[in-house]
Amino acid sequence: MDRSSPVPLYYQLARQLEAAVQAGELAPGTRLENELELAERCGLSRPTVRQAIQHLVDRGLLVRKRGVGTQVVLSEIRRPIELTSLHDDLAAAGKDPRTEVLELGPAPADDLVAKELGVPPGTEVTRIRRTRYTGDEPLALLTNYLPRDLIDLGVDDLTRHGLYELLRGSGVNLRVANQSIGARAATSAEARRLDERRGVPVLTMTRTAFDDKGGAVEYGCHVYRADRYSYSLTLVER
């Protein structure tokens with residue numbers, strides 16, 4: 001630390017910690033020393049260290065977790081707006097996707113699902129609920145509805161493969177989708193599944209996908225951790 005510099009000490013420490021994160025010396029998920037230990041090692045006051053850590057928390061590089069401490073944030077997943085599945089995008093980015101299947105079976109289509117899939121309300125459809133992980137960190141909760149006789153799926157299939165990969169492998173030619181992106185507060189159940197606190201902001205996505213014949217083959221309602229996930233798109237002037 002340069003105590004003769006006009007740059008505040010907290011900011012000097014924050015920059016050093018940030019550089020260590022960017023260089024990979026502090027890998028994602030690394031737990032930092034507590035404030036007292038870090039203050040003693042750096043020869044700084046505890047309030048100065050606390051201010052440096054809060055600066056990096058505000059910037060999204062660190063996160064405080066009750067009972068765990070302060071950790072380096074895992075790198076954000078940036079996903080292009082394309083007709084691909086989350087599993088395929090994570091695998092292509094080398095993010096080690098893992099899936100926990102929470103539900104797979106028949107369910108009556110409510111009014112919204114029936115409208116999106118083009119079937120009468122109450123029609124039996126296939127409902128799939130999954131938690132998608134990157135490594136051991138939960139990233140998203142995925143709920144999908146398919147026409148009942150579209151494809152024969154098993155839990156093992158969905159654990160090892162993405163839904164769109166399975167659909168294409170069964171001969172379904174996905175061509176176009178209507179998609180909406182939003183944000184809201186997480187419910188208690190969603191927060192538990194995503195290892196977040198109740199009411200934390202989450203990203204949402206709904207999508208209805210159609211095949212090359214114009215028929216609806218999938219309706220999805222997904223919830224993503226906002227601190228780990230974002231969408232990217234290219235805008236072109238007309």
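Helices (H or I, at least four residues) and strands (E, at least two) are DSSP runs, numbered from the N terminus. What you have open is a predicted model, where local features need pLDDT of at least 70, side-chain atom pairs count only at pLDDT 80 or more, and totals for chains, interfaces and linings use all residues. Residues are numbered from 1 along each chain as its sequence is written, and side-chain values use heavy atoms, with hydrogens and water left out.

**Next stop: helix H3**

Select residues 46–58. At 1.5 Å a residue, the 13 residues of H3 should span 18 Å, and its end C-alpha atoms are 18 Å apart, which agrees. (The expected span is 1.5 Å times one less than the number of residues.)

Now colour Thr48, Val49, Ala52, Ile53 and Leu56: these are the buried residues of H3. Buried means under 20% relative accessible area, exposed over 50%, and partly exposed in between (1.4 Å probe, protein chains only). Look down the axis of H3 and its buried residues fall within an arc of 130°, so they line one face of the helix. That arc is taken from the directions from the helix axis to the C-beta atoms. An α-helix has 3.6 residues a turn, so residues three or four places apart point the same way.

What do the buried residues of H3 pack against? Show helix H1 (9–22), helix H2 (35–42), strand S1 (62–65) and strand S2 (69–72).

**Hop over to Thr70**

Thr70 lies in strand S2. Is Thr70 buried or exposed? Thr70 is buried, with a relative accessible area of 11%. Leaving out residues up to four places away in sequence, Thr70 touches Thr30, Arg31, Leu32, Ile53, Leu62, Val63 and Arg64. Contact here means heavy atoms within 4.5 Å.

**Zoom out**

The protein has eight helices and 10 strands. Of its 238 residues, 40% count as buried. Among contacts with a separation of 6 or more, 59% come from residues 24 or more positions apart.
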